[in-house]
Amino acid sequence: MKSAWLGCLLLGSLLFAAPQDSDTNVNARYTVETVILSGKGWTTNLQSETTNKISLGLLHALTGIIGQKVNPGYLDTLAQNLKRELSAREVTHRIVRGGAPEHVRVEFEVRPARASVGMNINQFLYNSKQGFSGSGEVAVTTGPNVIALGLVSNADWTPERYSGIVARYEDKSVGTDRLSFKFEAETFHTQWNQSTTYAMEANPQDVGALYRSRQAFQPTATLVLFQPLTLTVGARVERFQDEGPSATVEAADTVMASLHYHQSFEGAAWQQEFDADGSLHSATRVLNTDYVYTLRTAGVRYEYRRGKQTVIDNVWGGYLTGIAPLSDRLVLGNAEYLRGWNKYEIDPLGGNRAISNSVEYHYGPLQAFYDAGAIWDESQPVVARHSVGLGLRESVFSLAVAIPIRAGRVEPIFMMGILP
Amino acid sequence: MPEPSRGIQISRRRWLLAGLVAPLLRARASENLIVTFDGDNLHLSSLGVHFLQGNSLSRLKEGSTVEYIATIGLFRDPYVSQFKRIEHHFFVSYDVWGTGDVFAVSTPGPPPRRATNLSLSGTETWCLERVAVATSGIAHDQQFWLQLELRTVPPKLSSIVSGGGIHLDVIEVLTPGQEERQTFRTGPMRLEDMPRVRGRRG
């Protein structure tokens, strides 16, 4: 609990840190007429053109300053974000006179990098019932190629706690910007919660065995079918070393395919984001695998922003047939789905059917949410569960208390950390 | 006997000496600093002191704010034993819509002050007029040396927070932006030898 309070103080200081003072720059009184983005051999005037070189979020941020007073501190932030997204050596910005009096043009110049080395913390989470989870990596980027080596310890996404090493190679442009390739290798040591081992002893036939470690190799290729729709296809070769004296090694070799759709809409005072994805993982006898199963998942996420207010709805569901390894079983009661419930209490072995819906309302950094969902096995009755929560969210920093709605005593779950 | 192709040989001692001296050369010392005394404070004259130049001036003309730090040190001996040190911060910007080269400058204080529509030399003068060293604790017959160091604060490192988590650019951290630094020195001097000028108000 001490670490929780320490985390609260740290996050609080980050959330309420004083903003940069733009009063020190005399140009803060002028209005931004247009934003020009340029690199080696390309220039985009964001007042009249768009670009797919950067994310929609950053594009909105850049176009959002048009018509506003100059905020030099924010221009620095935008330049830093451009540098990161474009893996550039340097992004400089200059303010020059615009066409109309008291108006200025903001010009960002991108200088490409030959290579960059970055350290990333992709996730760091504390859950008062599940402990700490985190992942970080060191990545070397040269042009469209990325080589990364990272460490992971996660007790949030699957019924197990897995800890180990991940390595990946990525080519973001295989001949064309529409095709990318990724190869991932993982080796994890696994720890099981007592609830999971008890549940396994009571129900050993319907699910895969407990294992002490697993290794996987996963090559995938992603193709942009048309601009908002991407298709990913690939394979996953995974080996599990079972617990017990014999230490049998079992295989789960799957082929996979997923579709992802992303669309943004923007009005004068509002923005909407729509994401939909569906995936299929299939391990069949043809692949000479010990586990034979098919996992289908689908999700839709909608976000509406207006001023400081944001409303988000996130629906997700999964359907598993056959006997899958525990790492591929569905989980609710974590930091993303059915927050407030403890996954070790409601589904210590995971489930083979799950459906979840989250509704969130944000006002600035304040956040309120209502989650509902059910997780079950094919032979079990469906039990719907609900939870509510309050929290703070600023950028990637999150702090929340979630309460399961049920009869009897109230047991809130406290979550905080860095979430993408 | 040295091989002819190797030409002049540089000994390891000379390399070591060069390594030690090189950083000192960056701190270009000038001895033409003019110091005045109003009975309570020492003041610096901007005559011969020009710091709005080089890369920082280019950054200014691109619309950025450049932070300058003026540090005054008083020494008992030629720039070794410092007994007083004062630091002032100035935020300078260039008015892109100004007529000619027009600057604005502010200082966080206390009290905070701000001036606009200044020429390049006017900006340098404004900054140095706000730099004063109280002479309390300095005996009137005490000999001392004064050093003014003017340096820029390099552009800030990228924010480590991004939508995907926390990201640290290792190359950027290992090769931070260069600060520009100029040093001006004068001495020895004694308060009793200095002609008194009328007191200035900031």
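**Reading a predicted model: strands, helices and a chain contact**

Q: What makes both faces of β6(B) count as covered?
A: In this predicted model, F103(B), V105(B) and T107(B) on one side of β6(B) and A104(B) and S106(B) on the other are all buried. A residue is called buried when 20 or more other C-beta atoms lie within 10 Å of its own. In a regular strand the side chains alternate between the two faces of the sheet.

Q: Why is β6(B) described as largely enclosed by the rest of the structure?
A: Strand β6 of chain B covers residues 103-107, and five of its five residues are buried, so the strand is largely enclosed by the rest of the structure.

Q: How do you know that β5 (residues 82-94) of chain B and β6(B) pair?
A: Two strands pair if at least two bridges are found between them, and β5(B) and β6(B) have four, in the antiparallel sense. Within this pairing, F91(B) stands opposite S106(B).

Q: What joins β6(B) to strand β7 (residues 113-118) of chain B?
A: Four bridges join these two strands, which run antiparallel, and the bridge partner of V105(B) in β7(B) is A115(B). β6(B) and β7(B) form a hairpin with five residues between them, and G109(B) in the turn has a positive phi of about 80°.

Q: What makes β2 (35-37) and β8 (132-134) of chain B edge strands?
A: They belong to an open sheet of three strands in the order β2-β3-β8 of chain B, with antiparallel pairing, and each of these two strands pairs on one side only. The twist averages 25° from one strand to the next. β2(B) and strand β3 (residues 41-44) of chain B are paired over three bridges, with T36(B) standing opposite H43(B).

Q: How many residues does each chain give to the contact of chain A and chain B?
A: Chain A gives 31 residues and chain B gives 26. On the side of chain A, the elements that give two or more residues are α3, β3 (88-97) and β5 (116-127), and the largest share, eight residues, comes from β5(A). The residues on that side divide into twelve nonpolar, 13 polar and six charged.

Q: How do you know that β5(A) and strand β11 (residues 165-169) of chain B pair?
A: At least two bridges are needed for a pair, and β5(A) and β11(B) have four, in the antiparallel sense. In β11(B), the bridge partner of G118(A) is D169(B).

Terms used
Residues are numbered from 1 along each chain as its sequence is written. Chains are lettered from A and ligands numbered from 1 in the order in which they are written. This is a predicted model: local features need pLDDT of at least 70, side-chain atom pairs count only at pLDDT 80 or more; totals for chains, interfaces and linings use all residues. Two residues are in contact if their C-beta atoms, placed from the backbone, lie within 7 Å. Ala, Val, Leu, Ile, Met, Phe, Trp, Tyr, Cys and Pro count as nonpolar, Asp, Glu, Lys and Arg as charged, and the others, Gly among them, as polar. Axes are lines fitted to C-alpha atoms, for helices over the stretch in contact, and angles run from 0 to 180 degrees between N-to-C directions. A residue is buried if 20 or more other C-beta atoms lie within 10 Å of its own, exposed if 12 or fewer, and partly exposed in between; C-beta atoms are placed from the backbone.
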